Amino acid sequence: MAGSHEYEYVEAGTVDVRDLPPLDPTTHKIMKDEFTTGFSLTVFYFILIFSIPVMNWFAPEFAFKKVWGGMTVTWFVTTIVMMVMAFVIAYVHTALYEKRLKKYEMSNK
């Protein structure tokens, strides 16, 4: 029901980061490794994205060549290849995260 709550209501507000307790060492290490992985994959994806206008500028005869159904190389890379790369990056990120969690779960037993 709209008005009934089965939990203690806490009014929304702001949280000062300095008031939070520090992370335990294992969680800190996982978060640091996760940030490194995420940052690395982000840089890789941005390099791929920014290579498209570079290709258009420096190799226009290749970039605007028709390859498939009238689609140019640029559009093929932008639509098909980059979508596949997004899924690959998500898979790599998830696989590394799960591997990292298993490693830490084994070390805590």
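Me: In which helix is D33 found, and is D33 buried or exposed?

Reply: Helices are DSSP runs of H or I with at least four residues, and strands are runs of E with at least two, numbered from the N terminus. D33 is found in helix α1 (residues 25-58). Burial is read from relative accessible area: buried means under 20%, exposed over 50%, and partly exposed in between (1.4 Å probe, protein chains only). At 16%, D33 is therefore buried.

This is a predicted model, in which local features need pLDDT of at least 70, side-chain atom pairs count only at pLDDT 80 or more, and totals for chains, interfaces and linings use all residues. Residues are numbered from 1 along each chain as its sequence is written, and side-chain values use heavy atoms, leaving out hydrogens and water.

Me: Which residues is D33 in contact with, leaving aside its neighbours within four places in sequence?

Reply: Contact means heavy atoms within 4.5 Å. With those neighbours set aside, D33 is in contact with R100 and Y104.

Me: How is a pair of aromatic rings described?

Reply: One gives the distance of the centres and the angle of the planes. Rings of Phe, Tyr and Trp (its six-membered ring) pair if their centres lie within 6.5 Å; planes under 30 degrees apart count as stacked, over 60 as edge-to-face and the rest as tilted. The count here comes to three aromatic pairs. Among them, F35 and F39 are stacked because their centres are 5.9 Å apart and their planes at 20°. F46 and F50 are also stacked, at 5.9 Å centre to centre and 20° between the planes. F46 is partly exposed at 45%, whereas F50 is exposed at 52%.
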